[in-house]
Each structure stands twice: as structure tokens, then as C-alpha cells.
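Subject: Structure handover

Hello,

Here is the structure I said I would pass on. My notes on it follow below.

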Amino acid sequence: MELGFFTMPIHPLDKDWRLTLKEDREAFLLADELGFTEAYCGEHVTDQAENITSCAMFIASLASDVKNMRLGTGTVNMPNAHPAAVAAQVAMLDHMLDGRFNFGISPGGLLSDAEVFGNLDADRNEMFLEGINTVLKIWEGEAPYNIEGKHWKITTERTSMAEIGQGIMPKPLQRPHPPIVVTAVAPFSKGVTEAAARGWDPISANFLMPQWVASHWPKYVEGCERIGRPALTENWRVARSVFVADDLDTAREYALGPDSPYRFYYKQILTKMRKNNRLGLFKTHRDQPDEEVTLESVLENLVTWGTPDKVTDDLLAYRETVGDFGTLLYAGKDWVDPELGRRSMVLLAEKVKPAFNAAISSKTQAAQ
């Protein structure tokens with residue numbers, strides 16, 4: 001198992017924006033120092049708590065400081081952006097990162113973002129597909145472009161002067177394009193199958209019950225088999241809310257207590273999902289009554305917390321439920337206590353990961 005980092009940062013509404021951005025950057029830099037292999041950040045324009053408004057801009061701010069790990073958008077919400085802008089910005093990012101860029105994409109899940117960009121009542125899945133297809137056509141094609149869809153028309157035919165470079169769009173450093181990843185947020189996600197059939201890889205979101213995370217692997221295999229592609233567990237990323245501390249009482253209080261950033265995080269998400277009739281993400285079975293979905297039940301099922309030994313054991317049990325996966329994406333939270341927030345990542349990398357991998361290795365050897 002490798003470690004990665006994934007944050008759709010949810011910060012207190014009254015916390016200074018400058019401080020939250022500073023702490024989010026510090027978390028990425030710490031992950032790089034600790035040997036995490038990759039890190040992603042989300043973006044929202046109309047959410048005061050989730051206040052990274054451009055994941056591309058945030059990643060650009062890290063380009064010269066992150067030395068080893070890959071950086072990824074988590075995600076570019078395709079219906080909310082013009083495909084030409086996405087193609088150009090991603091190509092530039094890939095060069096800035098010397099080819100260490102992963103292109104995370106989605107239709108976008110925040111309805112207030114959809115409203116502000118004018119696509120609340122549109123078919124956003126259709127826009128998502130047209131948007132990414134257009135980006136790929138730009139990278140595959142040559143100027144002057146003539147790409148016409150239902151939602152966007154891309155052309156430089158009238159103004160092209162190829163001899164001086166006018167009308168020519170940039171291509172990414174990685175060819176034919178950076179690795180594309182999609183975040184799966186639904187049980188038995190058909191999107192995982194379609195993504196796999198296009199050569200893309202999934203991230204299972206950290207706000208899905210373990211049994212719904214487990215439903216993603218068969219869907220990934222289904223898509224890979226459609227095109228004769230090997231289905232490799234190393235390509236499956238699973239996000240999880242984890243907190244590790246040196247003593248159990250500290251871990252319990254920071255993960256579950258009244259002032260816990262984990263409690264605040266899931267209270268925000270639960271409120272949105274309840275309003276949008278998407279409580280199924282948090283149900284342990286499909287016919288579970290809505291009133292049984294509480295913040296306490298969500299925390300119990302979706303937060304792994306404890307000392308390094310306890311977290312190792314709990315993650316091994318989690319793996320037994322969801323299946324083997326290649327990368328555990330540590331889900332970033334607000335640093336209510338910066339020292340504890342940093343220490344959790346250090347303990348995960350230096351104590352939990354080696355113990356987890358040793359246990360898997362021993363089990364594999366015993367089975368042979």
C-alpha cells in the first residue's frame with residue numbers, strides 16, 4: 001500500500017482564508033516530505049467552507065516546492081469551465097510539474113456551483129463527457145481547430161497564423177495526456193466502469209460506507225475487461241478519513257469530540273447530502289430509513305482513529321471489507337490543532353504504513 005493525500009478542505013466559516021490556504025499548502029509539503037506518492041485537492045467557487053476555488057491555481061502554487069510526489073486535480077468540475085481553458089491550464093501545469101501531474105475530473109457535485117455557472121438544470125453528465133472529450137480532441141489535434149459540440153464550439157480557423165504560432169494551443173508534457181482519474185461517489189458506480197473502459201482510474205471517495213467502496217472494484221474490472229486491459233489493484237485509490245495520535249484519549253477526542261474537525265467535516269457533508277436526497281452514501285443498506293442516518297453513525301463508520309497499532313489493525317480490517325487497493329488517500333481536514341494534524345500524518349507514514357504492509361506481506365507468504 002502506498003500513501004497519498006486528498007483534500008476537499010472544509011474549514012470553519014470564520015477562519016481566516018489566508019491561514020487555511022497556508023495550512024493546506026503545509027499539509028501538501030509535509031506529505032511530500034513523508035514519502036506520499038501523490039496528492040489531490042478539490043475546488044468549489046460557492047462554498048465558504050470548501051474554499052479552494054481553483055485546484056489548478058492551488059497546485060501551481062506548489063509546483064516549485066513539491067519535489068517528489070505527483071499532484072492532481074481532485075477534481076476539475078468540467079461543466080463549470082470552458083474546455084479550451086481547461087486544456088490550456090492543464091497542459092501548462094503538466095509542464096510546470098515536469099510531467100508529475102494527474103488529471104482528476106468530474107461533473108461536479110456542489111449544486112450552488114452549478115447554479116452560479118448556469119448549468120443547474122442542464123444535463124451535467126452530458127456536459128462532463130463533452131467537456132473531457134473536447135479537451136482530448138484539442139490535445140490530439142492540430143491547429144486550426146474545428147471542434148463543435150452541443151455545449152461548446154472550439155475553433156481558431158478565422159484567426160490562425162501558424163507561422164508565428166497564433167491560434168495554436170499547448171499540449172501536455174505527458175503524451176498522449178496525463179493520467180486521468182475520476183472520483184467515484186456512488187455505490188455500484190457505472191462511472192467507474194466507463195472510466196476504466198477509457199483507460200482511466202478510480203478514486204473511491206472517503207464519504208462512502210465500506211460496503212459501497214467494495215462495490216467499485218467489480219465495476220472497475222468490468223470496464224477493464226471490456227477493452228482487454230489488465231485490472232490492477234495498484235491503480236485503485238481509496239480515500240479514507242484517518243487520524244493517528246500517540247495516545248488513545250487524544251485520538252478519540254480529536255476524531256470524535258465536540259470540537260473535532262472530523263465531526264465538523266462530516267456534519268457539513270451530511271447536511272448537504274440530506275438536503276440533496278443523497279443519504280444513500282451514508283446508509284449501511286439500501287432500505288435503511290433516513291432517520292437512522294445520524295452524524296454519530298457516519299463518524300463511527302467513516303473515521304479510522306487511534307494509536308498507530310489500533311489504526312493499523314482497523315485499516316487491515318477495512319481492507320478485508322473493501323478488497324485490496326494500491327493507494328490509501330489520507331483525507332485532509334482542518335488543522336484545529338496544527339501539531340496534532342501534522343503528527344497524524346507523520347505517524348501514518350512512519351508507523352502505520354510499514355506495519356500495515358508487513359502484515360499484508362506475512363499473510364501473503366503464509367498463503368503461499
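I start with one side chain: that of Gln174 makes a polar contact of 2.7 Å with the side chain of Asp94. Please keep in mind throughout that this is a predicted model.

Gln174

The side chain of Gln174 also makes a polar contact with the side chain of Arg70, at 2.9 Å. Gln174 is in the loop between strand S7 (153-155) and strand S8 (180-184). Buried or exposed, given its relative accessibility of 15%? Gln174 counts as buried, because 15% falls under the 20% cut-off. Leaving aside neighbours within four places in sequence, its contacts are Arg70, Asp94, Gly99, Arg100, Phe101 and Pro179.

The chain overall

Along the principal axes, the C-alpha trace spans about 65 × 55 × 45 Å. The chain contains 13 helices and 12 strands. Of its 368 residues, 52% count as buried. Taking contacts between residues at least 6 apart in sequence, 74% join residues at least 24 apart.

In soluble globular proteins, nonpolar side chains tend to be buried together. Here the largest nonpolar core has 109 residues, and the members that touch the most others are Phe36, Phe103 and Phe282. Helix H13 (residues 338-367) gives the most to this core, with 8 residues. Which residues does Phe36 contact, leaving aside its neighbours within four places in sequence? They are Leu3, Gly4, Phe5, Ala31, Met69, Tyr330, Met345, Leu348 and Ala349.

Helix H1

Helix H1 covers residues 17-33, which makes 17 residues. At 1.5 Å a residue it should span 24 Å, and its end C-alpha atoms are 25 Å apart, so the length agrees with expectation. At the start of H1, the backbone nitrogen of Arg18 has a side-chain oxygen of Asp16 within 2.8 Å. After H1 comes Gly35, with a positive phi near 90°.

The buried residues of H1 are Thr20, Glu23, Asp24, Ala27, Phe28, Leu30, Ala31 and Asp32. An α-helix has 3.6 residues a turn, so residues three or four places apart point the same way. The cover over the buried residues of H1 includes strand S1 (2-7), strand S2 (38-41), helix H2 (55-62), strand S3 (70-73) and H13. Ala31, one of the buried residues of H1, is also among the contacts of Phe36.

His11 is placed in the loop between S1 and H1. With a relative accessibility of 1%, His11 counts as buried. Apart from neighbours within four places in sequence, His11 is in contact with Thr20, Asp24, Ala49, Asn51, Phe264 and Asp334. Of these, Thr20 and Asp24 are also listed among the buried residues of H1.

Thr53 is in the loop between S2 and H2. Its relative accessibility is 37%, so Thr53 counts as partly exposed. With neighbours within four places in sequence set aside, Thr53 is in contact with Trp17, Glu43, His44 and Val45. Thr53 and Glu43 are 10 residues apart in sequence, and their C-alpha atoms are 4.9 Å apart in space.

Ser241

Ser241 lies in strand S10 (residues 237-244). Its relative accessible area is 0%, so Ser241 is buried. Which side chains does the side chain of Ser241 meet in polar contacts? One is that of Tyr266, at 2.7 Å, and another is that of Asn206, at 3.3 Å. Not counting residues up to four places away in sequence, Ser241 touches Asn206, Tyr262, Tyr266, Leu302, Val303, Thr304, Ala331 and Lys333. Pro83 is 158 residues from Ser241 along the chain, and the C-alpha atoms of the two are separated by 32 Å.

Regards

Methods
Residues numbered from 1 in each chain as written. Predicted model: local features only at pLDDT ≥ 70, side-chain atom pairs only at ≥ 80, totals over all residues. Heavy atoms only, no water. Core = buried A, V, L, I, M, F, W, Y, C linked by side-chain atoms within 4.5 Å. Buried < 20%, exposed > 50% of the residue type's maximum accessible area, 1.4 Å probe, protein only. Helix = DSSP H or I, 4+ residues; strand = E, 2+ residues; numbered from the N terminus. Contact = heavy atoms within 4.5 Å. Expected span 1.5 Å × (residues − 1). Polar contact = N/O pair within 3.5 Å; in protein donor to acceptor, adjacent residues only side chain to side chain.
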